[in-house]
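Subject: Structure handover

Hi,

Here is the structure I promised to pass on. Please have a look at it first, and then read my notes below.

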Amino acid sequence: MSKTKDSIATLRDLPKSELLLARGRTTDELFRLKLGTYTNQVTSSALVRSKRREIARINTILHGRQIGLEQQGQK
């Protein structure tokens with residue numbers, strides 16, 4: 001499987017509380033990356049894009065669980 005599918009599968013296995021923690025941690029990392037780009041400390045702008053996508057994946061999983069389309073996977 002690809003790296004993206006592996007990361008999505010691991011996110012789907014996490015309970016809601018851990019997903020919320022992961023979203024908060026990733027949001028903080030995104031903030032620090034954006035701050036680093038303004039001060040020219042980040043060399044790769046692709047990191048910002050990947051963090052935004054990771055937050056979107058977590059939000060999609062949380063929303064799917066909220067409306068009942070998705071359930072927590074079994075480990």
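Helices here are DSSP runs of H or I with at least four residues, and they are numbered from the N terminus. Residues are numbered from 1 along each chain as its sequence is written. Please keep in mind that this is a predicted model, in which local features need pLDDT of at least 70, side-chain atom pairs count only at pLDDT 80 or more, and totals for chains, interfaces and linings use all residues; side-chain values use heavy atoms, with hydrogens and water left out.

How confident is the prediction? The score to look at is pLDDT, the predictor's confidence in each residue, from 0 to 100. The protein chain has a mean pLDDT of 87, and 93% of its residues reach 70 or more. Among the elements of the chain, helix 2 has the highest mean (94), while helix 1 has the lowest (83).

Let me start with T26, which sits in helix 2, residues 16-38. T26 counts as buried because its relative accessibility is 4%. Leaving aside residues up to four places away in sequence, T26 touches K51, E54, I55 and I58, where a contact means heavy atoms within 4.5 Å.

Next come the salt bridges, and the structure holds 2 of them. The term stands for a side-chain nitrogen of Lys or Arg within 4 Å of a carboxyl oxygen of Asp or Glu. In general, side chains of opposite charge can pair when their charged atoms come close.

With a relative accessible area of 35%, D28 is partly exposed, whereas R32, at 55%, is exposed.

In another salt bridge, the side chains of E29 and K51 meet at 2.6 Å, N to O. This pair links distant parts of the chain, as E29 is in helix 2 and K51 is in helix 3 (residues 46-67), 22 residues apart. E29 counts as partly exposed at 31% relative accessibility, and K51 counts as buried at 18%.

What does helix 3 pack against? Its buried residues pack against helix 1 and helix 2. Those buried residues are V48, K51, I55, I58, I61, L62, G64 and R65. The length of helix 3 also checks out: at 1.5 Å a residue, its 22 residues should span 32 Å, and its end C-alpha atoms are 32 Å apart, which agrees. The expected span is 1.5 Å times one less than the number of residues. After helix 3 comes G68, whose phi is positive, near 90 degrees.

L20, in helix 2, is partly exposed at 36% relative accessibility. L20 and L62 are 42 residues apart in sequence and 8.5 Å apart in space, C-alpha to C-alpha. A9 belongs to helix 1, residues 3-13, and is partly exposed at 32% relative accessibility. Between A9 and L19 there are 13 Å in space, C-alpha to C-alpha, and the two are 10 residues apart in sequence.

Enjoy exploring!

Best wishes

Terms used. Helix = DSSP H or I, 4+ residues; strand = E, 2+ residues; numbered from the N terminus. Buried < 20%, exposed > 50% of the residue type's maximum accessible area, 1.4 Å probe, protein only.
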